[in-house]
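Please look over the sequence and the structure shown here before reading on. The report after them is meant for a reader who is new to this structure.

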Amino acid sequence: MPEAYILRLSAVTKSYPGTLAVDGVDLTIRRGEVHALMGENGAGKSTLMKILAGSFDDYTGTIEIDGRVARISSPAQAKAHGIEMIHQELSLAGPLSIAENILVGRLPRRGVFLDGNAMAVEARRCLDQVGLDVNPRQAVEMLSQHEAQLVEIARALGNNPAVLVMDEPTSALSRAETNRLFAIIERLKQRGVTIIYVSHHLPEVYQIADRITVLRDGRKIATVAAEEVKPWSLVEMMIGQPAGQARIERRREPGRKRFRVRNFTRSGFFHDIRFFIRAGEILGIGGLAGAGRTELARCLSGVDPLDSGDMMLDGRYIEPTSMRACMKQGIAYLTEDRKRQGLALRLSALTNTANAVHAKRGQLLSRRERRELFSRQAAQLQLQPAQPQRQMVQFSGGNQQKVLLGKWLATAPEVLILDEPTRGVDVGAKQVIHEKIAQLADRGKCVLLISSDLPELATLSDRVMIMRKGRFIREMSKTELSENAILLAANADREVRFHA
Amino acid sequence: MPDQGASGTVISRSDALRVRRFLGGAGIYVVVLLLLLIGSLVSRDFLTSGNLLNIVRPVTLLGIVAVGLMFVTQSGHYVDLSIPATMALSGMVAVSTLGLGIAGSVVCGLGAGLLVGLINGLLIGYLRLNPIIWTLAMNFMLDGLLRWSTGGNQVYPDYTTGAGDVFVQLSRFETAGVPGITLLLAGLAGVAHLLARCTCFGDQLQLTGSAYEVAATSGVAVRRVVMLSFLISAFTTATAGILLASLSKQGTFTNGQGYDFNAVTAVVIGGVALTGGVGTVFGVVGGVLVMGLLGNIMTLAGWGSFDQMMAKGLLFVVVVAAMACATRRGGREDE
């Protein structure tokens with residue numbers, strides 16, 4: 001009699017410097033079920049699955065497979081235990097053939113040469129399991145995104161896994177392709193393969209999952225049977241109780257229109273965008289990844305070139321000829337990916353705080369001015385530790401984000417564009433950052449807030465524009481917003497699911 | 001996020017930093033002292049003032065080249081492989097334009113070098129061509145151009161107007177027993193230090209080399225920064241090229257051979273990270289001194305020039321491997 005539970009995780013914990021990505025998670029997976037793992041960005045879903053796939057050798061806690069304790073510290077060990085993972089980003093070698101990609105690591109040989117026929121036969125067998133009818137000798141780069149993903153699944157199935165982990169497999173698929181994928185998942189389930197399905201899309205989880213586990217901030221919130229749980233209670237579990245958060249105090253009503261944008265177009269990215277921001281107003285932009293929000297911000301701040309359109313601040317046109325030109329006219333842009341675009345992680349906190357000011361002025365601050373600038377920003381953002389010479393890598397995510405905000409506040413912007421200002425930061429840092437943003441608005445500045453964090457968008461914004469496929473499709477006022485914040489989450493989702 | 005264990009990462013990361021800090025800071029001068037000690041054991045004449053000048057003299061031009069090359073390496077664009085042909089070009093142009101007088105000839109020589117730097121800078125900075133591939137091609141094309149335009153012959157200074165004599169004296173002039181070119185190197189190193197440490201350009205160079213994307217989204221005109229770094233490298237290279245022509249009393253396409261590799265070696269053992277963003281002029285000058293000392297000691301020990309080339313090549317590989325090894329164990333520090 002085999003165990004009813006194929007996987008049993010107890011108190012599994014993984015920390016990165018400064019953050020607990022997975023915090024004491026207990027999780028049991030039944031043999032042959034489709035188990036959905038849900039949570040917002042940064043909830044720890046991907047990290048937890050990477051632990052199962054053997055990406056880390058420094059997790060704590062125990063993993064039992066088939067009732068026996070196993071230590072999984074390399075991808076090879078995970079495979080040996082029958083765990084295969086399909087990653088969010090495809091990991092195929094484009095120029096190589098489909099067969100070579102599927103059989104990587106176990107290519108059939110005849111003498112010193114590869115056995116082409118055996119390869120084709122074996123690859124065919126794997127491809128049949130996912131119902132993909134292509135020539136295995138063809139190069140992977142000739143395939144569509146969806147077909148490439150099926151090849152990736154075929155590769156995983158080739159090793160006869162007992163557990164298949166799929167990390168956000170539908171993020172690049174159309175509705176029809178998603179349905180084909182679900183049919184394949186159903187077939188695999190009938191063959192007894194256990195599937196862990198990582199996602200934050202409600203409708204598809206309801207469509208295929210037997211049980212659902214929700215993670216938030218690295219902790220497990222609950223495991224529930226899919227047919228027994230209502231969508232709203234899942235959403236509540238995912239985003240937490242907004243009522244529990246401290247409210248952001250605003251001290252003034254938005255005033256006259258200061259910043260206007262008309263006919264902004266960058267073809268292929270966004271079209272005919274128009275909006276205004278009042279003095280002291282925070283305008284939120286909501287939407288899914290790929291809606292064109294970041295591309296819009298990059299053009300507004302002069303990083304990328306614009307096809308057509310104009311913008312005006314206090315009645316004067318701003319020519320977005322270069323980022324520096326925009327900075328000099330009062331625009332600041334806090335980029336979304338602090339590790340790649342926001343901060344030079346090898347340099348000190350002091351250097352990072354000063355470099356946008358230096359670029360704006362075209363002249364260095366004196367040593368003393370730089371120190372003063374740093375201490376001012378460190379104090380108002382409660383940077384910890386407030387050490388100017390400390391390298392950025394040595395700060396926690398939340399404190400890195402504070403330095404990034406400080407760098408842009410230091411340029412004294414009239415219009416501050418924020419792209420995911422609190423992604424992956426802890427609750428404390430988030431509160432400080434939110435207060436700073438609100439204070440800036442209270443001083444009469446314009447704030448444009450791009451965020452995928454719906455409670456953040458709802459608490460901070462005075463108005464929200466919803467963007468989809470490069471266009472503004474809807475505007476929501478403050479009153480609508482607080483009532484509809486959660487509905488919005490589900491709606492934005494459904495729109496893509498059912499109209500794509 | 002790196003896949004490494006937290007505690008192991010911290011240790012090996014600081015190892016990588018330690019290697020680089022050692023080479024980049026005063027550490028390289030510990031090596032200099034060590035080599036001075038070894039030298040005095042190898043030969044009793046080693047520490048005489050005459051020999052100490054012999055150590056510095058052959059690497060002075062190398063030092064001038066390396067101080068400029070440092071800017072390219074710091075900008076995160078590895079190396080400028082068009083150094084040899086740029087040196088030959090500026091030397092030949094200077095010699096051929098002596099008819100314009102000494103000032104005119106120097107200006108023409110520098111101008112020719114700067115033109116190469118401008119082309120490199122535009123193509124690499126603005127069109128984002130791969131710096132290694134492009135400068136390699138540039139070197140090859142320039143070399144061909146020089147051979148073609150002179151029919152493969154050397155050009156000699158025109159001594160009839162007096163400018164030729166002055167030209168030859170450019171590299172031989174001494175004051176109080178100290179060669180003028182050594183003073184020039186000291187001056188250029190001082191200027192380079194100020195440029196790198198105390199100007200907005202230096203600040204932006206460091207940011208561009210450490211994190212190109214970050215610089216681009218912080219209002220830094222990254223393309224211009226990269227172009228300027230290639231222009232600076234071309235300027236010092238052209239300066240060295242003119243002085244080399246003066247020293248050898250001729251302009252020829254073989255002038256400058258080997259300066260590419262030697263300059264890169266000096267920059268790297270001087271603690272400038274090939275990945276960009278890290279390094280000091282002080283360290284690079286130390287790297288140049290180490291190259292000079294090694295050459296001198298090997299010569300005193302009776303090694304031929306081929307043996308010395310092999311030894312220097314080996315040294316380069318060892319230093320780069322040590323840095324790469326330490327870095328790889330720790331993962332890149334910015335991840």
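## Overall organisation

This is a predicted model, and the description that follows should be read with that in mind. For chain A, the domain assignment gives domain 1, covering 5-241, and domain 2, covering 244-499. The C-alpha centres of domain 1 of chain A and domain 2 of chain A are 34 Å apart.

Chain B has 14 helices and 2 strands. Of the 335 residues in chain B, 48% are buried. When contacts in chain B between residues at least 6 apart in sequence are considered, 78% of them join residues at least 24 apart.

## An open sheet in chain A

In chain A, 6 strands form an open sheet with mixed pairing, and their order is S6-S9-S10-S3-S11-S12. The edges are strand S6 (83-86) and strand S12 (219-225) of chain A, each of which pairs on one side only. From one strand to the next, the twist averages 20°.

At one end of that order, S6(A) and strand S9 (residues 163-167) of chain A run parallel and are joined by 4 bridges; within this pairing, Val163(A) in S9(A) is the bridge partner of Ile83(A). Helix H6 (residues 175-190) of chain A packs on the sheet, where it touches strand S3 (34-38), S9 and strand S10 (194-199) of chain A, and the direction of the helix makes about 150° with that of S10(A).

## Pairings around strand S21 of chain A

Strand S21 (residues 463-468) of chain A takes part in a parallel pairing with strand S15 (residues 282-286) of chain A, and 4 bridges join them. Here the bridge partner of Ile285(A) is Met465(A) in S21(A).

S21(A) also pairs with strand S22 (residues 471-477) of chain A, in this case in the antiparallel sense and over 6 bridges, with Met467(A) standing opposite Phe472(A) in S22(A). S21(A) and S22(A) form a hairpin with 2 residues between them, and Lys469(A) in the turn has a positive phi of about 45°.

## Where the two chains touch

How many residues does the contact take from chain A and from chain B? It takes 31 residues from chain A and 22 residues from chain B. On the side of chain A that touches chain B, the elements giving two or more residues are strand S1 (5-16), helix H10 (323-328), helix H11 (338-342) and helix H12 (349-361) of chain A. H12(A) gives the most to that side, with 5 residues. Sorted by class, the side of chain A that touches chain B has 15 nonpolar, 10 polar and 6 charged residues.

## The largest nonpolar core

The largest nonpolar core has 229 residues, and those with the most contacts inside it are Val165(A), Ile417(A) and Ala66(B). Helix H11 (residues 222-248) of chain B provides the largest share of this core, 16 residues. Because domain 1 (5-241) and domain 2 (244-499) of chain A both give residues to this core, it lies between them.

Notes
Residues are numbered from 1 along each chain as its sequence is written. Chains are lettered from A and ligands numbered from 1 in the order in which they are written. This is a predicted model: local features need pLDDT of at least 70, side-chain atom pairs count only at pLDDT 80 or more; totals for chains, interfaces and linings use all residues. Domain bounds come from an automatic or database domain assignment. A residue is buried if 20 or more other C-beta atoms lie within 10 Å of its own, exposed if 12 or fewer, and partly exposed in between; C-beta atoms are placed from the backbone. Two residues are in contact if their C-beta atoms, placed from the backbone, lie within 7 Å. Two strands pair if DSSP finds at least two bridges between them. Axes are lines fitted to C-alpha atoms, for helices over the stretch in contact, and angles run from 0 to 180 degrees between N-to-C directions. Ala, Val, Leu, Ile, Met, Phe, Trp, Tyr, Cys and Pro count as nonpolar, Asp, Glu, Lys and Arg as charged, and the others, Gly among them, as polar. A nonpolar core is a set of buried Ala, Val, Leu, Ile, Met, Phe, Trp, Tyr and Cys residues joined through C-beta atoms within 7 Å.
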